[in-house]
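Please read the report below alongside the sequence and the 3D view. It goes through selected features one at a time.

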Amino acid sequence: MSSGDRKHASGGAVTVSRMRAMKREGQPLVCLTAYDYGFAAACERAGVDLLLVGDSLGMVVQGHETTLPVTVDDIVYHTRCVARACRRALVVADLPFMSHTDVEQGLHNAGRLMKEGGARMVKLEGGSEQTALVERLAQNGIPVCGHLGLKPQQVHKLGGYRVQGREQADAERMEADARALEAAGADLLILECVPAPLARQLSEQLSIPVVGIGAGADCDGQILVLHDVLGVTEQPPRFARAFGAETGSVQAALAAYAAAVRDGTFPGPEHGFEA
Ligand code: KIV
């Protein structure tokens with residue numbers, strides 16, 4: 001075990017088993033995206049539990065219209081920057097568009113995110129079609145976060161960024177996908193833009209923690225894009241809250257976000273979607 005690993009293995013670092021315990025104890029998971037050392041360090045100081053190096057970096061850092069142009073090299077680079085700042089927070093790295101079109105490619109690229117980037121978990125969009133990869137990652141000791149609901153890598157197929165799971169058939173498919181991911185060995189699930197009652201039902205049914213973004217207050221945790229929290233996004237999504245505009249500094253905004261998730265005042269009903 002390297003000294004870096006020892007630091008993470010002790011001192012209250014957030015781990016997969018710690019997150020499960022938090023779910024059981026009803027302690028909300030405070031999660032944010034991060035892309036560089038400085039902001040990741042500020043998130044650490046604010047007590048954020050999990051930092052996702054999301055492919056949203058394609059939009060908020062690189063200025064693309066979608067997440068599709070993001071490469072594995074991009075995610076490795078930004079994960080390295082974030083991981084250097086993290087002692088307690090769990091660092092999760094996204095598998096970008098077309099980086100896991102088959103199990104071998106997905107295993108190879110997830111390995112890069114862990115070995116070169118220093119991630120402690122990888123995230124992938126999709127449900128039942130991803131279970132072979134999730135199983136293989138789990139067999140190789142790679143923790144996995146699934147991502148259901150609005151899947152931004154499929155924006156062109158979906159025809160836009162829309163709430164998912166409003167129709168009964170879609171909701172049933174999402175429930176089957178969530179169960180399949182858990183059975184395959186996923187450790188965490190993100191639900192994006194899902195009606196609040198459906199997100200609540202899935203959070204209750206699964207034993208792995210469910211983290212919502214635009215999915216109502218009754219998930220096991222919340223995640224937002226850092227730029228939306230700080231108030232630097234030109235047109236933030238309806239489900240976000242710009243804590244930066246309400247407080248005087250980056251550090252105060254991050255602390256206010258963490259406190260609001262923990263005391264249940266964020267998200268409010270105005271940040272969610274009904275069925
Ligand atoms: O890429 C990303 O930042 C994400 C979050 C919005 C959950 O997937």
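Pro267 sits in the segment after H13, and a cis peptide bond with omega of about 0° joins Phe266 to Pro267. The names used here follow DSSP runs: helices (H or I) have at least four residues, strands (E) have at least two, and both are numbered from the N terminus. This is a predicted model, in which local features need pLDDT of at least 70 and side-chain atom pairs count only at pLDDT 80 or more, while totals for chains, interfaces and linings use all residues. Residues are numbered from 1 along each chain as its sequence is written, and side-chain values use heavy atoms, with hydrogens and water left out.

**The barrel**

Eight strands form a closed barrel in the order E1-E2-E3-E4-E5-E6-E7-E8, and their pairing is parallel. From one strand to the next, the twist averages 25°. Two strands count as paired if DSSP finds at least two bridges between them. Strand E4 (residues 121–125) and strand E5 (residues 144–149) pair in the parallel sense over 4 bridges. Leu124 has Gly146 in E5 as its bridge partner. In general, strands of a sheet pair through backbone hydrogen bonds, either parallel or antiparallel.

**Helix pairs**

Axes are lines fitted to C-alpha atoms, for helices over the stretch in contact, and angles run from 0 to 180 degrees between N-to-C directions.

| Pair | Angle | Axis distance |
|---|---|---|
| H6 (residues 103–115) and H7 (residues 131–139) | about 45° | 9 Å apart |
| H3 (residues 37–45) and H13 (residues 250–263) | roughly 50° | within 9 Å |
| H5 (residues 72–83) and H6 | roughly 20° | within 9 Å |

Angles under 35 degrees count as roughly parallel, over 145 as roughly antiparallel, 65 to 115 as roughly perpendicular and the rest as oblique. H6 and H7 are therefore oblique to each other. The contact (heavy atoms within 4.5 Å) is made by Val103, Glu104, Gly106, Leu107 and Ala110 of H6 and by Ala132, Leu133, Arg136 and Leu137 of H7. Sorted by class, this contact of H6 with H7 has 6 nonpolar, 1 polar and 2 charged residues. Here Ala, Val, Leu, Ile, Met, Phe, Trp, Tyr, Cys and Pro count as nonpolar, Asp, Glu, Lys and Arg as charged, and the others, Gly among them, as polar.

H3 and H13 are also oblique to each other. On the H3 side the contact uses Phe39, Ala42, Cys43 and Arg45, and on the H13 side Val250, Gln251 and Leu254. The classes in the contact of H3 with H13 are 5 nonpolar, 1 polar and 1 charged.

How are H5 and H6 oriented to each other? H5 and H6 are roughly parallel. Val72, Asp73, Ile75, Val76 and Thr79 of H5 meet Asn109, Arg112 and Leu113 of H6. The contact of H5 with H6 has 4 nonpolar, 2 polar and 2 charged residues.

**Salt bridges**

A salt bridge is a side-chain nitrogen of Lys or Arg within 4 Å of a carboxyl oxygen of Asp or Glu. The structure holds 12 salt bridges. One of them joins the side chains of Arg262 and Asp49, at 3.3 Å from N to O. Arg262 lies in helix H13 and Asp49 in the loop between H3 and strand E2 (50–53), so this pair ties together parts that are 213 residues apart in sequence.
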